[in-house]
Amino acid sequence: MNKMSKKLMVSILTLTFALLTLGTATFAWFTLTDTATISQFDATVMAGEGIEVSLGEDNPNFFTAVPSEVINAFLQDAGFAGDFRMKHITSADGVHFTDLEENEKNSPADDGYIQFTLRFRSQQSGINIYLAPGSGLSGAAVNWTADTTFNNGQGKEVKPQDGSKLYYIANAARFSTTSTLRTLVYELPDEAYGDTTDADYGNTVLGTQPILNGSVHYYNQKRGLSSDQSNYTGINYEDAETAQSVTTFFDQDPILQLSTTAQPDGYYYGTVVVRIWIEGWDADCFDALYGASLKIDLQFTATQPTAPVQP
């Protein structure tokens with residue numbers, strides 16, 4: 001590689017995917033699943049009174065609780081099974097994707113990111129829909145022993161003799177929601193570490209600019225490239241741009257507003273496109289993630305979530 005530069009009341013809708021991943025190589029390529037393990041998708045969709053959802057742009061089947069087998073079949077038909085692989089790609093806006101060499105990617109199933117449409121409907125006009133707390137990214141821990149000495153995203157030196165540490169693919173993942181209203185990109189908050197926080201090994205919030213610590217430093221070390229700024233011979237990361245993200249669902253603007261014009265069936269509709277990817281420029285995207293599992297939880301509400309008042 002030469003240049004690796006870039007709810008409507010109180011109803012809650014919950015969407016959960018458990019995405020199994022496998023991969024190999026530095027800046028690993030991740031395998032979502034295969035036909036034999038399609039049953040390992042864990043997906044539920046539930047909605048309170050007054051709101052329904054369907055999967056896809058023109059699916060006539062709306063649910064308040066979508067059976068997991070419906071979701072599994074939908075994803076499989078969309079190409080996210082069999083030989084599908086999540087790949088280390090990058091996005092500057094949560095909508096458009098390239099690989100780390102800036103080659104444009106437009107086909108989710110072929111290019112290694114997950115994309116699907118959720119269509120909402122209600123008999124109330126023009127309601128706002130927000131992402132709610134309880135949404136997020138998670139996954140089982142992976143025990144990994146470093147195969148070279150490098151500085152992780154938190155600036156902690158990691159050495160093979162340190163033995164195995166826990167790592168989470170969720171730390172390198174993103175999801176976005178896009179509607180005619182706006183696009184929101186989410187990543188885990190700083191120092192997120194499974195269900196806790198860890199200042200040494202927790203998530204590093206990237207922002208819009210890749211950093212030297214973490215995946216870039218690991219890459220350089222694996223290839224014998226200098227990360228010394230006075231004599232830098234490593235990969236070019238300073239020209240790359242990544243998507244501006246949020247790390248909380250409190251006090252955010254709505255991600256969708258349902259139509260103010262009713263369709264003949266009396267419902268008001270709105271559509272959100274969800275995209276999930278492994279951010280290749282993320283500081284936590286290195287070989288520790290091999291064999292990891294990724295889970296996405298999406299909860300929606302028509303009441304803007306506000307941060308609890310501190311005592």
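**Pockets, rings and strands in a predicted model**

The largest pocket is lined by 25 residues, and those nearest its centre are Leu 137, Leu 188, Pro 189, Ala 192 and Gly 194. A pocket here is an open set of points on a 1 Å grid over the protein atoms alone, with protein on both sides within 12 Å along at least five of seven lines, and lining residues have an atom within 4 Å of a point. The structure is a predicted model, in which local features need pLDDT of at least 70 and side-chain atom pairs count only at pLDDT 80 or more, while totals for chains, interfaces and linings use all residues. Residues are numbered from 1 along each chain as its sequence is written, and side-chain values use heavy atoms, with hydrogens and water left out.

The volume of the largest pocket is about 370 Å³, where a volume is the space filled by probe spheres set on grid points joined across faces, edges and corners. Two or more lining residues come from each of strand 13 (136-138), strand 20 (192-193) and strand 21 (196-197); strand 13 gives the most, with 3 residues. Strands (E, at least two residues) and helices (H or I, at least four) are DSSP runs, numbered from the N terminus. By class, the pocket lining holds 11 nonpolar, 11 polar and 3 charged residues. Ala, Val, Leu, Ile, Met, Phe, Trp, Tyr, Cys and Pro count as nonpolar, Asp, Glu, Lys and Arg as charged, and the others, Gly among them, as polar.

A cavity, by contrast, is a set of points where a 1.4 Å probe fits but cannot get out. The largest cavity has a volume of about 80 Å³, and its lining includes Asn 152, Tyr 167, Asp 200, Tyr 201 and Phe 286. That lining divides into 5 nonpolar, 5 polar and 2 charged residues.

Aromatic rings come next. Rings of Phe, Tyr and Trp (its six-membered ring) pair if their centres lie within 6.5 Å; planes under 30 degrees apart count as stacked, over 60 as edge-to-face and the rest as tilted. The count comes to 19 aromatic pairs.

Tyr 186 is in strand 19 (residues 183-186) and Phe 249 in the loop between helix 3 (215-222) and strand 22, 63 residues apart. Tyr 186 and Phe 249 are both buried. Trp 144, Phe 150, Tyr 167, Tyr 201, Tyr 218 and Phe 286 make up one aromatic cluster.

Finally, there are the strand pairings, which require that DSSP finds at least two bridges between two strands. Strand 12 (residues 128-131) runs antiparallel to strand 22 (residues 256-257), joined by 2 bridges, with Asn 128 and Gln 257 as bridge partners. Strand 12 also pairs with strand 24 (residues 293-301) in the antiparallel sense over 2 bridges, and here Leu 131 stands opposite Phe 300.

Definitions and conventions:
Buried < 20%, exposed > 50% of the residue type's maximum accessible area, 1.4 Å probe, protein only.
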